[in-house]
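Welcome, and take a moment to look over the model below. We will walk through it together, one stop at a time.

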Amino acid sequence: MMIFVDACFKKQTPYTPVWFMRQAGRYLSEYKEVRKLAGDFLSLCKNPKLASEVTLQPVEILNVDAAILFSDILVVPLEMGMDLGFFAGEGPKFADTIESQKDLNRLRNDAHLRLNYVYDTIALTRQNLAEDKALIGFCGAPWTLATYMIEGQGSKTYAKSKKILYSNPKLLHALLDKITHNLKYYLESQIEAGVNAVMVFDSWASALEKSAYLEFGWQYCKQIASFIKQKYPHIPVILFPKGISGYLEEIDGEFDVFGVDWSTPLEIAKAKLSPKYTLQGNLEPCRIYNEESMLEGARQILDLMKNTPHIFNLGHGMLPDLPRENAIKLVEFIHNYR
Ligand code: CP3
């Protein structure tokens, strides 16, 4: 029995399950040690033994109810043939970018066959994870991945991506279709390797206006979700389109859990999406800097979500300098809250 999976399927659970986005990372000295052993970040992602070790660290240290596969959303564009590097203090960069149909034709359609290091990490992790803890697999959403592939790196304005969106929408749709194809088979392979749930991160959903997001973003998330649900009805699908609180009434589709970011008032998400979808979220991560603020925020969330399908999480990822002692206390507090 996995309490996390039960909550995804809206079953009664003895307590609210909890895990944190980016729960494996630099706020843990144990992570930094393994990362040093691996050399650079990508070598860590490609080393199943070490990647599995850092996947398990937060379960052991924080006692969260789910582990999330340690990898990165950008391994898919990497294995579609793009030239990816991670640089200290600068984040990810692609040396080549997608600007034309010719660039698009260069991209491979079989990334899922080249990601064996991820499936090996999953198999190894599932072997060493307690039976009642879930292992979550993931991918980036097509729109979020497309922005990195077009911009070549993180962006403040997404101007290159949006220029294509408004001046050559066919090209953007062709790119999104190709990414979506790769992601469907990637998630399927992760499930075959042993993950108990999958999550799609659309981190840059908020870069688009409503009509553009529904056409170029959300539609593709739904395609991936229904592909998985039709083949694997027992595997929960979590969608996390970050920053779209202004039009939650447009949200529908075949999936189980909606990830709520911290900028979306949880009572609004509850009114519009509950109980059709289990809600996952949404503590503002910076509350973890201060114990009192953290517990006050957690109490508000738990009181609001009483008797409502809910998985506790942060509203976005852990930051590298958050105090681990508080994160440990937070999990304990949630498990004991009645
Ligand atoms: O613990 C987990 O949540 C699992 C592992 C995970 C990572 N990245 C590890 C990572 C997951 C699920 C991701 C997803 C991811 N990666 C997203 C979507 C989620 C989100 O935060 O919105 C995005 C946009 C990326 C792309 C990415 N990867 C960026 C922008 C960066 C640099 C940011 C930074 O903090 O330096 C990364 C690198 C990265 N991915 C790190 C980790 C632990 C830091 C790398 C390091 O050790 O130096």
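Is aspartate 110 buried, partly exposed or exposed? Before settling that, keep in mind that what you see is a predicted model. Aspartate 110 has a relative accessible area of 23%. Buried would mean under 20% and exposed over 50%, so aspartate 110 counts as partly exposed.

Aspartate 110 also has a partner to look for. Its side chain meets that of arginine 108 in a salt bridge, with 3.0 Å from N to O. Arginine 108 is partly exposed as well, because its relative accessibility is 34%. As a general point, side chains of opposite charge can pair when their charged atoms come close.

Now try another pair. Lysine 93 and glutamate 90 form a salt bridge too, and here the closest N and O atoms are 2.5 Å apart. How do these two partners stand toward the surroundings? Lysine 93, at 24% relative accessibility, is partly exposed, whereas glutamate 90 is exposed, with a relative accessible area of 52%. Glutamate 90 falls in that class because 52% is over the 50% cut-off.

A further salt bridge joins the side chains of glutamate 250 and lysine 210, at 3.0 Å from N to O.

Next, let us turn to the ligand. Where does the ligand sit? You will find it in the largest pocket. Around the ligand there are 22 residues, and those that come nearest are Arg22, Arg26, Tyr31, Arg35 and Ser203. Sorted by class, this shell has 14 nonpolar residues, together with four polar and four charged ones.

Tyrosine 31 places a polar side-chain atom 2.5 Å from an oxygen atom of the ligand. Arginine 35 does likewise, with a polar side-chain atom 2.6 Å from a ligand oxygen atom. For aspartate 72, the atom on the ligand side is a nitrogen, and a polar side-chain atom of aspartate 72 lies 2.7 Å from it. How much of the ligand does the protein bury? Taken alone, the ligand exposes 880 Å², and the protein buries 87% of that.

Terms used. Residues numbered from 1 in each chain as written. Predicted model: local features only at pLDDT ≥ 70, side-chain atom pairs only at ≥ 80, totals over all residues. Heavy atoms only, no water. Near = heavy atom within 4 Å. Polar contact = N/O pair within 3.5 Å; in protein donor to acceptor, adjacent residues only side chain to side chain. Areas by Shrake-Rupley, 256 points an atom, 1.4 Å probe, with all protein chains shown as cover. 1 Å grid on protein atoms, 1.4 Å probe; cavity = no way out; pocket = protein on both sides within 12 Å on 5 of 7 lines; lining within 4 Å. Sits in = over half its atoms within 2 Å of the grid points. Nonpolar A, V, L, I, M, F, W, Y, C, P; charged D, E, K, R; others polar. Salt bridge = Lys/Arg side-chain N within 4 Å of Asp/Glu carboxyl O. Buried < 20%, exposed > 50% of the residue type's maximum accessible area, 1.4 Å probe, protein only.
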